[in-house]
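Biologist: Please take a close look at one part of this model, the pairing of its strands. Keep it brisk, and give the cut-offs as you go.

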Amino acid sequence: MQLKVGDLVRFRHCAQQRQLGMITIVPERSYIAQSNPMLAIYWVAFNGEHQCFTGNQLELISESR
């Protein structure tokens with residue numbers, strides 16, 4: 001899964017489970033994340049907060065156009 005800035009996501013496997021957020025920053029992938037995309041880091045805005053999550057914690061709801 002390759003998420004992009006502006007994508008709408010739902011959280012899973014974390015304290016924010018079932019809430020919605022939007023990808024705001026997609027940093028360059030680390031060596032490990034290049035071979036395992038579920039370990040890639042994404043910055044997500046939700047409920048007035050801005051935090052980083054791994055791809056494993058995010059489920060794509062709607063792609064940005």
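Modeller: β2 and β3 pair in the antiparallel sense, over three bridges. Two strands count as paired if DSSP finds at least two bridges between them. Strands themselves are DSSP runs (E, at least two residues), numbered from the N terminus. This is a predicted model, where local features need pLDDT of at least 70, side-chain atom pairs count only at pLDDT 80 or more, and totals for chains, interfaces and linings use all residues. Residues are numbered from 1 along each chain as its sequence is written, and side-chain values use heavy atoms, with hydrogens and water left out.

Now the partners. Methionine 22 has alanine 45 of β3 as its bridge partner. Isoleucine 25 stands opposite tryptophan 43, also in β3. Both Trp43 and Ala45 belong to the uncovered face of β3 (residues 41-46), together with Ile41. The covered face holds Tyr42, Val44 and Phe46.

On to β4 (residues 49-54). β3 pairs with β4 in the antiparallel sense over six bridges. Isoleucine 41 stands opposite threonine 54 of β4. The hairpin of β3 and β4 has two residues between the strands, and asparagine 47 takes a positive phi near 45° there.

The whole sheet is open. Five strands form it, in the order β4-β3-β2-β1-β5, with antiparallel pairing. β4 and β5 (58-62) stand at the edges with a single partner strand each, so one side of each has no neighbour in the sheet. On average, neighbouring strands are turned by 45° against each other, direction ignored. The axes behind that angle are lines fitted to C-alpha atoms; angles run from 0 to 180 degrees between N-to-C directions.

Next, the loop between β1 (8-11) and β2 (20-25), where glutamine 16 lies. Glutamine 16 counts as buried, at 15% relative accessibility. Buried means under 20% relative accessible area, exposed over 50%, and partly exposed in between (1.4 Å probe, protein chains only). Leaving aside residues up to four places away in sequence, glutamine 16 touches Phe11, Phe46, Gln51 and Phe53. A contact means heavy atoms within 4.5 Å.

Last, the cysteines. A disulfide is a pair of cysteine sulfur atoms within 2.5 Å, and the count comes to zero. The sulfur of cysteine 14 is 11 Å from its closest cysteine sulfur, in cysteine 52, which is too far for a bond. Cysteine 14 is buried, with a relative accessible area of 17%. Cysteine 52 is partly exposed, at 39%.

Note on methods: Helices (H or I, at least four residues) and strands (E, at least two) are DSSP runs, numbered from the N terminus.
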